[in-house]
Amino acid sequence: MKLFGKHLICLTMLLFVVSASCKANETMTENSIDIERIRHLFEKMEAQGVDLTKPHLYGYFFFDNERRGLERLSEEVLKDGYTLVNLQQIEESRFRLHIEKVETHTPKSLYERGLVLTKIASKYSIDVYDGWDVGNVDPSKPLVTNESFRAFMNAKSGEERFALGERLLDLEIYDRAEQVFRNCIDQRIKEQDSTHNLSFALLEQNKTDEAISLLEEAVKKFPKHLKMRFNLAATYYELASFEKTIEHYQVAARLSPSDANIVYGIAAAQFGLGKFSDSLINCKKALALDPQHEYAKELLKQLEERK
């Protein structure tokens, strides 16, 4: 996993990915019989401590413009042990059938279930089998609770706990990753990297002020940690705090003088301040370090157009 460098500047903004995690259930509705998508969702659940070798409550959904076909489909599948949750009109001339069953699945078996249900839907001329969700066998409880996740996390050794946090970052489950890395810091497990990863998880949840406060303290405590310094500078850039951006990128440049991304970051901030001559110098320096740097090439084009 490579966090450093993910927050590259594109002149006016940084792009952050929105977090997703297990709440009351997990749902797959788009391309629901795509086995790779199913595997990915299973990985996300397992990374939060869900034991998918045990039975869970799986729900399945169908949509059609007429009620009768859904009723006939329901009558057939209920014979196979499914339970009817509801068949309701959700909008004018649009009906939804929701059935469920307590069972155990692997990605392969759930993929195959999707094929079967799609075939049954076709039999009754139903518009679409729209996928599945999975929840706790007790519908009143979420699939993952804070308590269950905490127990899952605490059962792991230091190295395993840190690896869990990185896995959650890879899966873009940022709220749980935040929980893990806070714990790692408290337990002094890879404190520098845990702090950096925590800042990343905070940024991805748009907890920008909290991330900045964390990073400002961290770069004082760990002044040679390049990744944290880089992300602090990039975060200030997103906030249009260009003087602060340059301040921290200049420190980063002393730590890694041949990094084109850092030099480009300085050039972009100088551009934001209207210091176009200085920006041009650093933009050309970034391209000398990396002639294929796309953002630097775009910035150079804008600077040359100003002449």
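This dialogue explains how to read several features of a predicted model.

Colleague: How many helices and strands does the chain have?

Modeller: Helices (H or I, at least four residues) and strands (E, at least two) are DSSP runs, numbered from the N terminus. The chain has 13 helices and five strands.

Colleague: What share of the residues in the chain is buried?

Modeller: Buried means under 20% relative accessible area, exposed means over 50%, and partly exposed lies in between, with a 1.4 Å probe and protein chains only. Of the 307 residues in the chain, 48% are buried. As for contacts (heavy atoms within 4.5 Å), 66% of those between residues at least 6 apart in sequence join residues at least 24 apart.

Colleague: How is the packing of two helices described?

Modeller: Two packed helices are described by the angle between their axes and the distance between the axes. Axes are lines fitted to C-alpha atoms, for helices over the stretch in contact, and angles run from 0 to 180 degrees between N-to-C directions. Angles under 35 degrees count as roughly parallel, over 145 as roughly antiparallel, 65 to 115 as roughly perpendicular and the rest as oblique. In this structure, the axes of α6 and α7 cross at roughly 155° and come within 9 Å. The two helices α6 and α7 are therefore roughly antiparallel to each other.

Colleague: Is the crossing of α6 and α7 left-handed or right-handed?

Modeller: A crossing is left-handed if the near helix is turned anticlockwise from the far one by less than a right angle, and right-handed if clockwise. For α6 and α7 the crossing is left-handed. Among the residues that meet there are Tyr174, Phe181 and Ile185 in α6, and Leu198, Phe200 and Leu202 in α7.

Colleague: At what angle do α7 and α9 pack?

Modeller: Helices α7 and α9 pack at about 20°, and their axes are 10 Å apart. That angle makes α7 roughly parallel to α9. The crossing of α7 with α9 is left-handed. Contacts here involve Gln192, Thr195, His196, Phe200 and Leu203 in α7, which meet Lys227, Met228, Asn231 and Thr235 in α9.

Colleague: How many aromatic pairs are counted?

Modeller: Rings of Phe, Tyr and Trp (its six-membered ring) pair if their centres lie within 6.5 Å; planes under 30 degrees apart count as stacked, over 60 as edge-to-face and the rest as tilted. By this rule there are eleven aromatic pairs. In one of them, the ring centres of Phe42 and Trp132 are 6.2 Å apart and the planes stand at 75°, so the pair is edge-to-face. Phe42 belongs to helix α1 (residues 35-46) and Trp132 to strand β5 (residues 128-135), so the pair ties together parts that are 90 residues apart in sequence. Phe42 is buried at 4% relative accessibility, and Trp132 is buried at 0%. Together with Tyr58, Phe42 and Trp132 form one aromatic cluster.

Colleague: Which charged residues lie over the face of a ring?

Modeller: A charge sits over a ring if NZ of Lys or CZ of Arg is within 6 Å of the ring centre and within 35 degrees of the ring normal. Lys101 lies over the face of Tyr82, 4.8 Å from the ring centre. Arg306 lies over the face of Phe276, 3.7 Å from the ring centre.

Colleague: Where does a residue other than glycine have a positive phi?

Modeller: One case is Arg188, with phi near 55°. Arg188 lies in the loop between α6 (174-186) and α7 (191-204), and is exposed, with a relative accessible area of 63%. Ala240 has a positive phi of about 65°. Ala240 is in the loop between α9 (226-238) and α10 (242-255) and is partly exposed at 47%.

Colleague: Is His293 buried or exposed?

Modeller: His293 is buried, with a relative accessible area of 7%, and its place is in the loop between α12 (276-289) and α13 (294-305). Leaving aside neighbours within four places in sequence, His293 is in contact with Ala260, Asn261, Tyr264 and Leu287.

Key: Residues numbered from 1 in each chain as written. Predicted model: local features only at pLDDT ≥ 70, side-chain atom pairs only at ≥ 80, totals over all residues. Heavy atoms only, no water.
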